[in-house]
Amino acid sequence: MTPLDGLHWPNRFAALGPDFYTELPAQGLPGPHWVATSPACAGLLGWPADWAARDGALGVFSGNATWPGMRPLASVYSGHQFGVWAGQLGDGRALWLGEVDTPAGPLELQLKGAGMTPYSRRADGRAVLRSSIREFLCSEAMAALGVPTTRALCITGSRLPVRRETLETAAVVTRVAPSFIRFGHFEHFAHHEQLDALRRLADWFIAHHAPECASAPEPAVALLQKVALQTADLVAHWQAIGFCHGVMNTDNMSMLGLTLDYGPFGFMDAFDPGHICNHSDDRGRYAYARQPGVAFWNLHALAQALLPLLPIDTDQAAEASTERLLEAVEAFRGRFAGQMLGRMRAKLGLTGEDDGDQALADDFLKLMAASRADYTITFRRLSRALGNPEPLRDMFLDRDALDAWLARWRARVAPDAQARMLAVNPAVVLRNHLAEGAIRAADHGDFSETERLLKVLSRPFDEPENPGDAALPPDWAHSLEVSCSS
């Protein structure tokens, strides 16, 4: 019996066999301590409020112990990184613990930062406190914003030194999701021509995560279309809140359309369609405005991986199968456009549909870009502009142009739009400087700012008690950089 009575830890993924993973123990943290826990994520699991105080929990979630039934394993996958085939990758610093049955269905738990695996590729398999706090806070913040995402249950820390650009300390973040399967899992077996394994993976994923595809004439095509639609929904939500993922490699793309692998992410401050949040992204492949196109490209890579599951025994059959997969990917375009326009209508407070809505939204974004207006604050102030436009006008250099746009907007928006707009335009997002404040305090052993910020981010549409949480970033924030080491 585990400290949480009645828990069992099946791992359906393990049934696929050793071609898909390596089973191995975690390399625990010496002298671990709690950094933070998420009550909301624990509630999702159906766990009691005092779960972290139960006997053994700290050891389990710092990689020093397991509860009965847990089978730690690291999965293998491959992928394209920055548009280039990178070969075999895999869970280089992640270990699946197993699944738990929850009110939301089966959920997998995964330790990130619990030591080296066969897929670490000369890395140390560790996560640092800085990046763990960022992933923990953003996972829970995105969930509160309604964005599909992996969740974060907790962070444990240690004084164990870890070398990055500087010497930092180690941490382990526990991630939660219905599945951590990526585009890269399918790419791996297709690239290595392990077609039996590829088919087993597709059949397994459809059975557990997309059962409606099983009865389709070609389940692989149906699966691809489902993933394309989910990915379109996800990226439209990212764009609407000004979120930049930073490293949209195919191995970081979820088959469930979840935001996965929080590394060099960022919420935009000043609006710039060309904004690059990842200091390692020299060519701007993953700039904000390019995210929809990159997602579309990644879906083509997934389509290529699924092609061997269709008839390809003759050139004619291969051409026809390719065409059906490309049609499935094409579903992304229409879905993304519709979702994006719908989200912009909501942000602008528009109800119903009008032929001029796309131009109205586009023109507002152009005005914002010209003035480098803060993305989150500008939309928040627009939410109140029917009553008092002056705070909004303060965000723009060309006020005459804004006033002309506001006249068009007032002619289209309903007089009672304010409440609806405030419910979709957040007051608070996880800006880099807010995360940095929590990280700097944590580096000195003070985790109270991480806990406080988690509470604020759990209610992003409410005005925070501390006005600074929703204010323009301080001047020093402009010097902050995040990279792939983040």
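Asp 374 and Arg 431 form a salt bridge, with their closest N and O atoms 2.8 Å apart. A salt bridge here is a side-chain nitrogen of Lys or Arg within 4 Å of a carboxyl oxygen of Asp or Glu. This is a predicted model: local features need pLDDT of at least 70, side-chain atom pairs count only at pLDDT 80 or more, and totals for chains, interfaces and linings use all residues. Residues are numbered from 1 along each chain as its sequence is written, and side-chain values use heavy atoms, leaving out hydrogens and water.

**Salt bridges**

- Side chains of opposite charge can pair when their charged atoms come close.
- The whole structure holds 31 salt bridges.
- The pair of Asp 374 and Arg 431 links distant parts of the chain, 57 residues apart. Asp 374 sits in the loop between helix H9 (357–371) and helix H10 (375–382). Arg 431 sits in the loop between helix H13 (418–422) and helix H14 (432–443).
- Helices (H or I, at least four residues) and strands (E, at least two) are DSSP runs, numbered from the N terminus.
- Asp 374 is buried, at 3% relative accessible area. Arg 431 is buried too, at 2%.
- Buried means under 20% relative accessible area, exposed means over 50%, and partly exposed lies in between (1.4 Å probe, protein chains only).
- Glu 168 forms a salt bridge with Arg 130, and their closest N and O atoms are 2.7 Å apart. Glu 168 lies in strand E10 (residues 167–177) and Arg 130 in helix H3 (residues 129–145), 38 residues apart. Both Glu 168 and Arg 130 are buried.
- Asp 394 forms a salt bridge with Arg 399, with the closest N and O atoms 2.9 Å apart. Arg 399 is partly exposed, with a relative accessible area of 30%.

**Strands and hairpins**

- Two strands pair if DSSP finds at least two bridges between them.
- Strand E6 (residues 94–100) has 7 of its 7 residues buried, so the rest of the structure largely encloses this strand.
- E6 pairs with strand E7 (residues 107–112) in the antiparallel sense, over 6 bridges. In this pairing, Glu 99 stands opposite Glu 108 in E7.
- The hairpin of E6 and E7 has 6 residues between the strands. There, Gly 105 takes a positive phi near 100°.
- Strand E4 (residues 78–81) and strand E5 (residues 84–88) pair in the antiparallel sense over 3 bridges. His 80 stands opposite Trp 85 in E5.
- The hairpin of E4 and E5 has 2 residues between the strands, and Phe 82 takes a positive phi near 55°.

**Helix packing**

- Two packed helices are described by the angle between their axes and the distance between the axes.
- Axes are lines fitted to C-alpha atoms, for helices over the stretch in contact, and angles run from 0 to 180 degrees between N-to-C directions.
- The axes of helix H6 (residues 219–241) and helix H8 (residues 315–348) come within 8 Å and cross at roughly 25°. H6 and H8 are therefore roughly parallel.
- The contact of H6 with H8 has 15 nonpolar, 5 polar and 5 charged residues. Ala, Val, Leu, Ile, Met, Phe, Trp, Tyr, Cys and Pro count as nonpolar, Asp, Glu, Lys and Arg as charged, and the others, Gly among them, as polar.
- The axes of H9 and H10 come within 11 Å and cross at roughly 130°. H9 and H10 are therefore oblique to each other.
- Angles under 35 degrees count as roughly parallel, over 145 as roughly antiparallel, 65 to 115 as roughly perpendicular and the rest as oblique.
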